[in-house]
Amino acid sequence: MPRRLARRTRTAARTAALAAALAASAALALSACSSGSGDSGGSGASPDGYVTDGKLTIGTAEPAYFPWVIDDSPESGEGFEAAVAYAVADELGFAKDDVVWVRSTFEQAIAPGPKDFDFNLQQFSITDERKQAVDFSSPYYETAQVVVTVEGSPAASAASIDELKPLLIGAQTGTTSLEAVEQQIAPDAGAQVFSTNDDAKLALQNGTVDAIVVDLPTAFYLTGAELDGGVIVGQLPSTGGGDEFGLVLAKDSPLTAKVSAAVDALRENGTLDELAATWLGGDDTAPILK
């Protein structure tokens with residue numbers, strides 16, 4: 001091949017290679033531009049860390065139950081957790097119309113990975129194990145201990161701790177519920193101890209005991225779904241040591257500190273206590289026993 005022709009051939013090859021490289025680079029840049037805004041759970045997170053700019057996206061269960069959410073309608077703001085969510089939104093500077101609700105299972109919310117919500121609430125107890133996968137806000141509620149019975153039991157009409165003392169009161173061994181029976185009620189016959197809540201529930205249903213003590217979420221579930229004629233007698237006064245519920249956020253979320261500060265403000269100004277009294281401690285749910 002003549003030398004001049006060989007040079008032209010090499011030049012053309014280099015030009016073609018350069019053009020191919022430029023085309024590949026342009027395609028990569030275009031791909032990055034088209035996908036870069038949707039990498040946070042596919043939602044296009046705002047610069048402030050919210051899932052959607054100008055909106056507060058809140059997750060809850062599907063379905064969400066009384067008394068945490070009334071009629072499975074968190075948008076109404078009725079129910080303890082629905083009301084807490086809107087109170088946090090207000091502290092963060094969001095109007096009610098700027099709140100967007102999404103649904104998830106309990107397991108989806110606490111699994112590692114991107115989230116389609118800014119925070120999620122469905123009675124998540126704060127634990128060290130869960131903190132490895134998600135962030136938690138500071139606690140918005142500490143579970144109360146609740147006396148549960150059935151219709152026709154001597155405990156059904158009890159309105160005070162003194163009225164419970166002559167009765168047979170049980171709880172699961174190794175729990176704060178048993179401690180509450182022993183220390184706060186101190187029944188005359190001593191606490192009736194069971195290996196599991198299922199055993200305690202069966203004893204209550206069979207009339208072996210007059211009442212049992214469980215945490216508040218369990219009380220609502222037992223009386224609403226498992227006990228025939230289940231009745232919540234009332235809450236025992238809080239002494240600390242119960243499970244603490246926190247709002248769940250994505251791991252290392254830039255919003256965690258802001259959301260915790262909002263929850264702290266609501267605790268300090270009494271809003272959380274007021275909401276708990278309205279939705280969890282009223283005469284029609286679980287009055288506090290004195």
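By class, the lining of the largest pocket holds 14 nonpolar, nine polar and five charged residues, where Ala, Val, Leu, Ile, Met, Phe, Trp, Tyr, Cys and Pro count as nonpolar, Asp, Glu, Lys and Arg as charged, and the others, Gly among them, as polar. The model is predicted, with local features needing pLDDT of at least 70 and side-chain atom pairs pLDDT 80 or more, while totals for chains, interfaces and linings use all residues. Residues are numbered from 1 along each chain as its sequence is written, and side-chain values use heavy atoms, without hydrogens and water.

A pocket is an open set of points on a 1 Å grid over the protein atoms alone, where a 1.4 Å probe fits, with protein on both sides within 12 Å along at least five of seven lines; lining residues have an atom within 4 Å of a point. A volume is the space filled by probe spheres set on the points, which are joined across faces, edges and corners.

| Largest | about 580 Å³ | 28 residues | Y65, F66, W68, P217 and F220 |

In α6 (residues 176–185), S177, L178, A180, V181, Q184 and I185 are buried, meaning under 20% relative accessible area with a 1.4 Å probe, protein chains only.

How values were computed:
Buried means under 20% relative accessible area, exposed over 50%, partly exposed in between (1.4 Å probe, protein chains only). Helices (H or I, at least four residues) and strands (E, at least two) are DSSP runs, numbered from the N terminus.
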